[in-house]
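Here are a few exercises to work through with the model open on your screen. Try each task before you read its solution.

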2 protein chains.
Amino acid sequence: MAGKSTRSSPMKGGDGQYSYAHNSSYQVLLSFVLYMNQREGLEIAKVFIKEAIVEKLGIKSSSLELFTIADLGCSVGPNTLVVVENIIDSVKHKYQSIDQKKEAVEFLVFFNDHVSNDFNTLFKSFPSDNQYFAAGVPGPFQDRLFPKASLHFVHCSYSLHWLSKVPNELMDQNSPAWNEGRIYHTNGPNAVREAYSAQFAKDIESFLNARAEELVHGGLMALIIACLPDGVSSQSSDFAFIDLLEATLKEMADEGILTEDEVDSFNFPQYNPTPAELGTLLERNCSFSIERMEPLVRPARKVSDIQSVMSMVRALWEELIEGHFGNDVLDELFDRLKNKIVECSILSQSSKKQVGEKQMVELYVLLKRKACPDSLY
Amino acid sequence: MAGKSTRSSPMKGGDGQYSYAHNSSYQVLLSFVLYMNQREGLEIAKVFIKEAIVEKLGIKSSSLELFTIADLGCSVGPNTLVVVENIIDSVKHKYQSIDQKKEAVEFLVFFNDHVSNDFNTLFKSFPSDNQYFAAGVPGPFQDRLFPKASLHFVHCSYSLHWLSKVPNELMDQNSPAWNEGRIYHTNGPNAVREAYSAQFAKDIESFLNARAEELVHGGLMALIIACLPDGVSSQSSDFAFIDLLEATLKEMADEGILTEDEVDSFNFPQYNPTPAELGTLLERNCSFSIERMEPLVRPARKVSDIQSVMSMVRALWEELIEGHFGNDVLDELFDRLKNKIVECSILSQSSKKQVGEKQMVELYVLLKRKACPDSLY
């Protein structure tokens with residue numbers, strides 16, 4: 001559905017002189033800048049979350065002895081710790097203002113991320129004077145991770161665009177979504193983007209169904225997700241970095257450093273929906289009411305330092321790429337990618353241009369768990 | 001108290017020709033063999049735990065939707081996974097035999113160990129078809145780690161002999177327990193052993209107080225701890241490996257590889273109580289009833305392979321020693337220790353001797369959380 005609404009002609013020549021990247025660089029970069037400045041986005045969301053807890057949290061003070069929070073896709077911090085402390089302070093404030101005697105609420109925080117996350121480092125970063133009990137929970141958040149009705153507040157930021165897996169059709173020679181010679185939906189036939197979109201829809205459905213079981217009625221879920229702006233038909237215009245990665249991989253296959261098979265079997269497991277597309281998926285799940293859905297507005301940032309960009313690119317992609325291509329080629333691969341980024345002058349362009357209406361939208365969404373008579377459970 | 005009952009003359013010459021080790025080697029080794037064959041001890045305890053759950057677990061089936069287990073000092077597995085699965089199978093069996101319809105119980109398992117434990121490795125070893133929700137909890141188990149009344153079953157094996165810290169008095173020149181020139185209570189004045197014993201008592205008290213808050217009434221706690229046999233006056237006869245470590249450290253200080261200060265400020269944070277000593281400490285806490293307390297009896301094992309012994313010694317001690325002396329001296333230190341172990345022929349002696357009554361006792365203890373009108377909380 002979303003795929004249809006954003007149908008457009010595939011781009012020509014994503015590699016070679018990186019002319020595509022030349023022409024649409026600043027939007028692309030912005031999706032990275034979002035990651036680089038998550039803290040800034042989280043600071044804005046902080047106020048939203050405080051408001052959410054004061055106005056929307058539907059849990060009675062009298063029955064509350066333990067308040068349980070989950071941060072899904074927490075990574076290694078320190079952002080997750082800041083988020084969690086904000087939630088706890090807001091909850092304490094709310095219940096203490098309702099009931100002066102209400103001091104005995106305990107807090108349990110589950111920090112979740114993939115099993116490959118560095119939980120050891122996360123655990124070492126916990127403050128020693130913790131005001132909460134802390135636990136790490138490994139596993140994909142599209143699955144059930146917690147007992148039934150055990151959570152009061154779920155937070156998930158900058159993570160939902162990662163797919164649980166690459167859509168099967170991309171590897172199927174008999175499918176119109178066969179993604180031969182590409183690593184993403186940019187520059188491919190529309191069927192490829194539709195396959196990505198369908199996988200995202202499945203993932204969001206699983207995510208919401210799992211959380212519907214785990215959240216208590218009246219509990220809240222705050223999400224931040226980077227979306228493509230509504231009405232932008234250039235679904236191929238926001239991922240120049242992935243295109244540059246594709247060009248790098250092809251070059252390395254041409255030179256025999258990687259095999260064709262290795263490159264052909266790699267697809268990038270990320271999907272950024274439009275706000276409208278996401279809204280439709282959220283509305284489809286009757287366990288939650290959408291209490292708020294709006295962009296986080298924050299000033300654009302210049303990023304012209306290639307070293308910072310590469311650190312961030314490696315931080316975000318290294319595990320994924322190492323998992324597929326192995327450790328031996330990593331440095332070579334990122335060196336080549338770096339050269340391509342410099343060559344196509346994304347960075348200098350981005351610092352010259354002003355941010356237009358086409359930049360990635362960081363969408364803040366607040367969902368509330370409701371009783372759901374129509375659902376099957 | 002325990003210190004007084006086991007008073008004895010300090011040994012002479014713990015280093016040099018390792019004559020002490022010569023004379024009392026097999027008991028010493030046995031405490032290591034316990035660690036090397038934890039799985040065997042756990043297999044025996046498995047039956048005890050099954051019985052405990054059937055006969056002693058005081059939680060009504062009707063009210064039970066979530067059963068929460070904590071394994072304290074879990075290390076990296078696979079033992080912890082085997083233990084947890086046994087507990088879950090036993091609980092399922094119990095409740096299904098009471099109530100055929102009782103299928104809906106969910107299980108949440110907290111795996112706890114020090115923050116320095118390798119949780120990343122532990123998490124990767126979780127089976128993909130887990131029948132429970134799993135979470136890692138970093139931190140010392142002498143502290144509160146979980147919310148009030150949130151646990152139904154606590155397991156803690158082969159961990160309680162580790163002290164939360166070295167007793168302060170050992171470093172105090174004005175204390176009779178000043179432990180100059182030694183790294184343990186063997187060969188020292190009685191005040192040193194008393195300081196160790198007092199620290200152990202404090203740790204057990206904190207451990208029990210924390211668990212008393214965390215366990216639901218009727219919940220169970222199964223412990224396995226290596227104890228010195230009652231009535232053995234030779235408190236200095238079970239720790240030849242530690243004495244050999246002391247000799248190694250002194251030798252390295254004499255040669256200028258380590259400083260005197262480094263060696264003087266190191267003390268080994270382990271204490272093995274006698275069963276009577278432990279029993280007194282357990283009885284002192286009125287929140288628990290002692291439901292069972294008996295040795296795990298299992299066949300003695302010959303261990304003559306120095307490589308296996310060294311792997312195990314390093315696995316157990318490396319982190320502790322690295323934390324104090326740094327990484328650079330580790331290989332040298334363990335090489336020297338290995339030579340001393342070979343030289344004093346502990347291993348060949350242990351394989352010739354039969355196990356006598358002086359071996360370390362692996363004590364299995366089952367505690368049940370009771371309502372406690374006399375306690376302060």
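**Exercise 1: helix packing in chain B**

In chain B, the axes of helix α8 (residues 240–254) and helix α12 (residues 330–343) approach within 9 Å and cross at roughly 125 degrees. Before going on, note that this is a predicted model, where local features need pLDDT of at least 70, side-chain atom pairs count only at pLDDT 80 or more, and totals for chains, interfaces and linings use all residues. Residues are numbered from 1 along each chain as its sequence is written, chains are lettered from A and ligands numbered from 1 in the order in which they are written, and side-chain values use heavy atoms, with hydrogens and water left out.

Task: work out how α8(B) is oriented towards α12(B) and towards α11(B).

Solution, step by step:

1. Helices (H or I, at least four residues) and strands (E, at least two) are DSSP runs numbered from the N terminus. Axes are lines fitted to C-alpha atoms, for helices over the stretch in contact, and angles run from 0 to 180 degrees between N-to-C directions.
2. Sort the angle. Under 35 degrees is roughly parallel, over 145 roughly antiparallel, 65 to 115 roughly perpendicular, and the rest oblique. So α8(B) and α12(B) are oblique to each other.
3. Check the hand. A crossing is right-handed if the near helix is turned clockwise from the far one by less than a right angle, and left-handed if anticlockwise. α8(B) passes α12(B) in a right-handed crossing.
4. See who touches (contact means heavy atoms within 4.5 Å). The α8(B) side includes B:Phe241, B:Leu244 and B:Leu245, and the α12(B) side includes B:Leu333, B:Leu337 and B:Ile341.
5. Now take helix α11 (residues 306–325) of chain B: its axis and that of α8(B) come within 13 Å and cross at roughly 50 degrees. That pair is therefore oblique, and the crossing is right-handed. B:Phe241, B:Ile242, B:Leu245 and B:Leu249 of α8(B) make this contact with α11(B) residues, among them B:Trp317 and B:Phe325.

**Exercise 2: one leucine**

Task: is B:Leu244 buried or exposed?

Solution: 

1. Find B:Leu244 in helix α8 of chain B.
2. Apply the cut-offs: buried is under 20% relative accessible area, exposed over 50%, partly exposed in between (1.4 Å probe, protein chains only).
3. B:Leu244 has 0% relative accessibility, so it counts as buried.

**Exercise 3: a serine in a loop**

Task: which residues does A:Ser150 contact, leaving aside its neighbours within four places in sequence?

Solution: 

1. Look in the loop between β3 (133–138) and β4 (151–157) of chain A.
2. With a relative accessible area of 17%, A:Ser150 is buried.
3. A polar atom of the A:Ser150 side chain lies 2.7 Å from the backbone oxygen of A:Pro147.
4. The contacts asked for are A:Thr68, A:Glu214 and A:Val216.

**Exercise 4: positive phi**

Solution: 

1. A:Ser75 isn't a glycine, yet its phi is positive, near 60 degrees.

Note on methods: A polar contact is a pair of N or O atoms within 3.5 Å; within protein, one must be able to donate a hydrogen and the other to accept it, and residues adjacent in sequence count only if both atoms are side-chain atoms.
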